[in-house]
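This report describes a sheet, its covering helices, the nonpolar cores and some local features. Please read it beside the sequence and the coordinates.

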Amino acid sequence: MDRYVVKNGEKLRTGYTTGTTATVAAVAAAKMLLTGEAIHEARVSLPLGDEAMLEVKSCRIHDDACTAVVLKDGGDDPDITHGTEINATIRLISDGIEIKGGRGVGTVTTEGMRCAKGEAAINPVPRKMIRENLNNLATELEYEGGFSVTISVPQGEDLAKQTYNPRLGIVGGISILGTTGIVWPMSEKALIDTIKVELDRKYADNPEYVIISPGNYGQDYCQNNLGIDINYAVKISNFLGDSLDYIAYKGFKKVLLVGHTGKLVKVAGGIMNTHSSYGDCRMEIISAYSALLGADSETVDNILNCVTTDQAMDIIKEKEYYSSLKKKLAERVKYHMDFRLKGKTEIEFIMFTTDKMHTMESSNFKTLLESFKTETSCEKEGR
């Protein structure tokens, strides 16, 4: 039942989420336990109405239970869980469906997550998929009792170290995830969903403030130059627009953005996904505003031939319009972010070059920064 999409001129095979994989394992184990038949594959319904048929690596009855093993298939966009064994152990109970996490499935230890604190990190959609497909199987086989389901991932604890889970307060293993059941090759959705999860957690901690950063540069700058604990920063990668949309939706009152000029100067041109595949207008933006402020054609040409924003800013650091340029770029970045937020959230930002020699910030950045530092200080003191 392979599915394909065409992206960037390539035919790519889709895969299946950990949620789908766990559901297939659960259905296979339940079917063997109820029928005694050997199971080599199992079909399940997916959230959007279609179906998936996956091979079952092994399925065996032991004591009063049955355990099925299915390999996670990430398609042509495999992540760290690609090829990982996901197990489901089924026991028959009098009624209802209990879903628990076993070895290698994380436990949620913080508030504000999709799963309640103390629960196994099996997200709501996979839980629903398991319940619905087991109910369908019970109807098909005329079974009137219930199921106890334990999902486990033997490699999960080691794999989790390569994920966001430790930072999100999910300990002991990976999460069982997925909203459609299908992994789309080179899809950005999983990354955006992860950002939303972390923003959910921050909102549960403090709905007033959040600090965001495209990546490690910004988080390091928070700690070393602004005096902010990097644990307060949500890493948003290239997805500024999607992050701002979700921040406004959640209802945060104020947001601080800290990032490198290589990413954020693009926002002065209205680009809200800062990956180079969506547009690389860094030098065009810097050179255009330099020309507006008096740069000659040779300077503009030199800027356009730069590879990094550090180089471009170095070219004009001795020019009389240097300060005016930084102010203009900051104003345009702020304009586009305010427009995206539609006035629902106050945002201030700072961007900097690699050597930290050139910084640009919005007019009220320092005020909001001090307010943020005061707020987080009070949080640490428990007030």
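Which residue is the bridge partner of Met 351 in β20? The partner is Met 360. The model is a predicted one: local features need pLDDT of at least 70, side-chain atom pairs count only at pLDDT 80 or more, and totals for chains, interfaces and linings use all residues. Residues are numbered from 1 along each chain as its sequence is written, and side-chain values use heavy atoms, with hydrogens and water left out.

**The sheet**

Helices (H or I, at least four residues) and strands (E, at least two) are DSSP runs, numbered from the N terminus. Two strands pair if DSSP finds at least two bridges between them. Five strands form an open sheet with mixed pairing, in the order β17-β16-β18-β19-β20. The edges are β17 (233-235) and β20 (359-361); each has a single partner strand, so one side of each is left without a neighbour in the sheet. On average, neighbouring strands of this sheet are turned by 20° against each other, direction ignored. Here axes are lines fitted to C-alpha atoms, for helices over the stretch in contact, and angles run from 0 to 180 degrees between N-to-C directions.

Strands of a sheet pair through backbone hydrogen bonds, either parallel or antiparallel.

Ile 211 has Leu 256 in β18 as its bridge partner, and Ser 213 stands opposite Lys 235 in β17. β16 and β17 also belong to a right-handed β-α-β unit, with helix α6 (residues 216-225) as its helix. Right-handed means that, with the strands pointing away from the viewer, the path from the first strand over the helix to the second runs clockwise.

Is β16 enclosed or open? Five of its five residues are buried, so β16 is largely enclosed by the rest of the structure. Buried stands for under 20% relative accessible area, exposed for over 50% and partly exposed for values in between (1.4 Å probe, protein chains only). In a regular strand the side chains alternate between the two faces of the sheet. In β16, Tyr 209, Ile 211 and Ser 213 are buried on one side, and Val 210 and Ile 212 are buried on the other.

**Helices on the sheet**

Helix α7 (residues 240-250) lies across β16 (209-213), β18 (254-260) and β19, and runs at about 170° to β16. Helix α12 (residues 322-341) packs on the sheet and touches β18, β19 and β20, with its direction at about 140° to that of β19. Contact means heavy atoms within 4.5 Å.

**Nonpolar cores**

A nonpolar core is a set of buried Ala, Val, Leu, Ile, Met, Phe, Trp, Tyr and Cys residues joined through side-chain atoms within 4.5 Å. The largest has 46 residues, and those with the most contacts inside it include Ile 212, Leu 244, Ile 286 and Leu 329. Helix α12 gives the most to this core, with seven residues. Beyond its neighbours within four places in sequence, Ile 286 is in contact with several residues, among them Val 265, Ile 303, Met 313 and Leu 329. Another core, of 45 residues, lies apart from the largest one and includes Val 24, Ala 52, Leu 134 and Ala 138.

**Aromatic pairs**

Rings of Phe, Tyr and Trp (its six-membered ring) pair if their centres lie within 6.5 Å; planes under 30 degrees apart count as stacked, over 60 as edge-to-face and the rest as tilted. By this rule there are five aromatic pairs. The ring centres of Tyr 221 and Phe 352 are 4.0 Å apart and the planes are at 5°, so this pair is stacked. Tyr 221 lies in helix α6 and Phe 352 in strand β19, so the pair ties together parts that are 131 residues apart in sequence. Both residues, Tyr 221 and Phe 352, are buried.

Tyr 246 and Tyr 249 form a tilted pair, 5.6 Å centre to centre with 35° between the planes. Both lie in helix α7, three residues apart, about one turn of the helix. Tyr 246 is buried at 12% relative accessible area, whereas Tyr 249 is exposed at 63%.

**Positive phi**

Most residues other than glycine have a negative phi, and most peptide bonds are trans. Glu 142, in the loop between α2 (124-140) and β12 (146-152), has a positive phi near 60°. Glu 142 is exposed, at 70% relative accessibility. Ser 237, in the loop between β17 and α7, has a positive phi of about 55°. Ser 237 is partly exposed, at 27% relative accessibility.
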